[in-house]
Amino acid sequence: MAIGSFVYQGSPQRVLFGSGTLSCLGEEVQRLGIRSALVVSGREQKSRAGEIARHLGSACRAVFTGAKMHTPVEITDEAMEIVARESIDGIVAVGGGSTTGLGKAIAFRTDLPQVVVPTTYAGSEMTNILGEIVAGSKKTRRDPKILPETVVYDVDLTLTLPAGLSATSGMNAIAHAVEGLYARDGNPILSILAEEGIRVLASALPRIAGNPTDKDAREDALYGACLCGTVLGGTSMALHHKLCHVLGGSFDLPHAETHAVVLPHATAYNASATPGAMTHVAQALAVSDAAGGLFDLAQSTGAPTALRDIGMPGDGLERAADLAIADPYWNPRPLDRTEIRALLDDAWHGRRPDPRKR
Ligand code: NAD
């Protein structure tokens with residue numbers, strides 16, 4: 001095997017993984033020297049946030065439960081008022097990618113230490129990336145201050161994630177790994193993590209769909225999310241993430257569902273230019289065609305497979321194609337507007353990617 005030359009940058013993060021790990025939270029907060037934490041969560045996770053606040057005792061100064069999808073800056077401003085007023089010296093975020101995003105937004109502005117307790121498979125906790133909605137459009141940045149210092153993965157907290165959300169969130173994680181495999185700054189170390197991440201998630205998601213309280217499957221999926229998030233943190237995003245940002249940012253489509261629908265099609269688009277990456281994905285899925293295998297996986301977990309089923313208007317596809325190529329991310333295959341429009345058409349109808357067309 002030819003390795004070639006590469007650059008790998010490990011992230012300075014501490015990761016705890018297991019069942020019941022939430023009991024270590026106080027110790028982890030203390031380890032970072034946090035004495036006046038702000039516990040953040042979304043509205044639905046209010047009771048979990050309260051539980052954590054009680055667990056932290058005097059180390060928790062305040063709780064903010066206003067986290068929202070895509071981290072609108074107005075919400076961050078509200079949280080920042082509490083940070084200033086209460087002399088907050090650290091963040092504890094419990095929830096999905098939306099909550100993690102709020103914690104990161106505060107850390108970006110203050111450089112406060114963060115402990116993240118993820119409850120979905122978004123993988124954001126493992127990256128130095130922050131996406132925010134500023135004046136109606138999504139802005140994405142990377143900064144070392146954004147990377148959470150400590151991540152506490154507790155499988156027990158994921159048992160309540162509904163089957164539908166588990167499937168789409170898991171496909172979101174797989175998307176990080178697929179794009180990492182063909183990223184221009186990818187490397188063989190992250191490729192191993194990516195293939196393993198896809199493999200464990202592909203095995204876990206159908207089991208979760210069948211029984212959302214299957215703890216072994218939950219453990220596999222959370223581990224996969226950790227691996228896939230690590231890959232996203234170490235590589236640049238390409239066409240798939242660009243399309244999802246366009247569809248989420250300009251058409252308000254739901255984040256994880258959009259990833260689940262678009263991934264097989266973005267993979268098919270890039271397949272001819274990325275044979276090595278396709279081999280990794282196909283091996284992980286134990287199939288011969290990576291794009292078709294991703295479509296079948298989404299379908300078998302009950303995730304949506306058509307953009308028209310998740311709120312995309314058919315008359316928006318032309319504009320989406322324009323936006324996808326207007327300010328593009330680097331992509332392994334050159335972007336061709338006609339082909340991107342065809343990709344969006346396939347994704348809108350929910351057609352299975354056809355290897356004979358490539
Ligand atoms: P989310 O955080 O919005 O959560 C989705 C829903 O699931 C919410 O209603 C939430 O209350 C609920 N939920 C979460 N955990 C639960 C649990 N264990 N049990 C029951 N309900 C639960 O969605 P998400 O998909 O996790 O995150 C999406 C956000 O994350 C987007 O804003 C996206 O841009 C961001 N993201 C960022 C990165 C990054 O690296 N910056 C990576 C991936 C996603």
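How many nonpolar, polar and charged residues does the shell around the ligand have? Hold that thought for a second, everyone, and thanks for coming. One thing to keep in mind is that we are looking at a predicted model.

Here is the count: by class, the shell has eight nonpolar residues, 12 polar ones and three charged ones. Altogether, 23 residues surround the ligand. The closest of them are Gly 97, Ser 98, Thr 119, Thr 120 and Thr 127, so do find those on your screen.

Now, where does the ligand sit? Its place is the largest pocket. Two elements each give two or more residues to the shell around the ligand: helix H4, which runs 97-110, and helix H5, which runs 163-181. Of the elements, H4 gives the most, with three residues.

Let's zoom in on some atoms. Thr 127, one of the closest residues, has a polar side-chain atom 2.7 Å from an oxygen atom of the ligand. Glu 44 also places a polar side-chain atom by a ligand oxygen, at 3.2 Å. With Leu 157 the backbone takes part: one of its polar backbone atoms is 2.9 Å from a nitrogen atom of the ligand.

And how much of the ligand does the protein cover? On its own, the ligand has 870 Å² of accessible area, and the protein covers 85% of that.

That's my tour, and I'm happy to take questions!

Conventions:
Residues are numbered from 1 along each chain as its sequence is written. This is a predicted model: local features need pLDDT of at least 70, side-chain atom pairs count only at pLDDT 80 or more; totals for chains, interfaces and linings use all residues. Side-chain values use heavy atoms; hydrogens and water are left out. A residue is near a molecule or strand if one of its heavy atoms lies within 4 Å of it. A polar contact is a pair of N or O atoms within 3.5 Å; within protein, one must be able to donate a hydrogen and the other to accept it, and residues adjacent in sequence count only if both atoms are side-chain atoms. Accessible areas come from the Shrake-Rupley method with a 1.4 Å probe; for residues, only the protein chains shown count as cover. On a 1 Å grid over the protein atoms alone, a cavity is a set of points where a 1.4 Å probe fits but cannot get out, and a pocket is an open set with protein on both sides within 12 Å along at least five of seven lines; lining residues have an atom within 4 Å of a point. A molecule sits in a cavity or pocket if more than half of its atoms lie within 2 Å of its grid points. Helices (H or I, at least four residues) and strands (E, at least two) are DSSP runs, numbered from the N terminus. Ala, Val, Leu, Ile, Met, Phe, Trp, Tyr, Cys and Pro count as nonpolar, Asp, Glu, Lys and Arg as charged, and the others, Gly among them, as polar.
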